[in-house]
Amino acid sequence: ANNGESIRLCMPPVTEERRRALVKNSNQAGEDAKIGVRTARREAIDSLKKELKNGMPEDLEKDGEAEVQKLHDKFIAKIEAMLAEKEKEIMKVLVEI
């Protein structure tokens, strides 16, 4: 319906099958994000090992690895929390009249 100021569309509710497909897509996007975080961790650790060979002290390399691992764990947990929240949001059935 069009009243001159806004357009109102009537859309059928999303089926459970479609919601499950949306959850699957969001989980795939989350997995891609986690792979990106893991890749960044691997590159950072490789860089630290390269610097170790170039004369960086071993204790600094170990501290750097620990810091990289902490960041990795923080971001993986953040991604998983976002995925859980998104799944709840998608699977929630909204009924508005």
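1. A word on terms before we start: a residue is called buried with under 20% relative accessible area, exposed with over 50%, and partly exposed in between, using a 1.4 Å probe and protein chains only. By that rule, the buried residues of α1 are Arg19, Val23, Ser26, Gly30, Lys34, Val37, Ile45 and Leu48. Their packing partner is α2 (58-91), where contact means heavy atoms within 4.5 Å.

2. Some ground rules for reading along. This is a predicted model, in which local features need pLDDT of at least 70 and side-chain atom pairs count only at pLDDT 80 or more, while totals for chains, interfaces and linings use all residues. Numbering runs from 1 along each chain as its sequence is written, and side-chain values use heavy atoms, with hydrogens and water left out.

3. Now the overall layout. You will find 2 helices and 0 strands in the chain; helices (H or I, at least four residues) and strands (E, at least two) are DSSP runs, numbered from the N terminus. The chain has a radius of gyration of 23 Å, well over the 13 Å that the globule rule gives for 97 residues, so it is more spread out than a compact globule. That radius is taken over C-alpha atoms, and the globule rule is 2.2 Å times the number of residues to the power 0.38. Along the principal axes, the C-alpha atoms fill a box of roughly 75 × 30 × 15 Å.

4. Next, surface and contacts. Of the 97 residues in the chain, 18% are buried. The accessible surface comes to about 8,200 Å², with 55% of it belonging to carbon and sulfur atoms; these areas come from the Shrake-Rupley method with a 1.4 Å probe, and for residues only the protein chains shown count as cover. Among contacts with a separation of 6 or more, 67% are between residues 24 or more positions apart.

5. A closer look at α1. Its 38 residues should span 56 Å at 1.5 Å a residue, and the end C-alpha atoms are 55 Å apart, which agrees. The expected span is 1.5 Å times one less than the number of residues. Just after α1, Gly55 has a positive phi of about 115°.

6. On to charged pairs. The structure has 6 salt bridges, each being a side-chain nitrogen of Lys or Arg within 4 Å of a carboxyl oxygen of Asp or Glu. One of them joins Glu80 and Lys34 at 3.5 Å, N to O. Glu80 lies in helix α2 and Lys34 in helix α1, so this pair ties together parts that are 46 residues apart in sequence. Lys34 is buried at 11% relative accessibility, whereas Glu80 is partly exposed at 42%.

7. Arg20 and Glu16 meet at 2.5 Å, N to O, and both lie in α1, 4 residues apart, about one turn of the helix. In α2, Glu89 and Lys86 are 3 residues apart, also about one turn, and their salt bridge is 3.3 Å, N to O. Glu16 is partly exposed, at 41%, as are Glu89 at 49% and Lys86 at 34%.

8. Finally, a nonpolar spot. Ile7, Leu9 and Met11 make up a nonpolar surface patch with about 420 Å² of accessible area together. Patches are made of residues with over 30% relative accessible area and no salt bridge, with like charges joined within 9 Å and nonpolar side chains (Val, Leu, Ile, Met, Phe, Trp, Tyr) within 5 Å. Ile7 sits in the segment before α1 (16-53) and is exposed at 64% relative accessibility.
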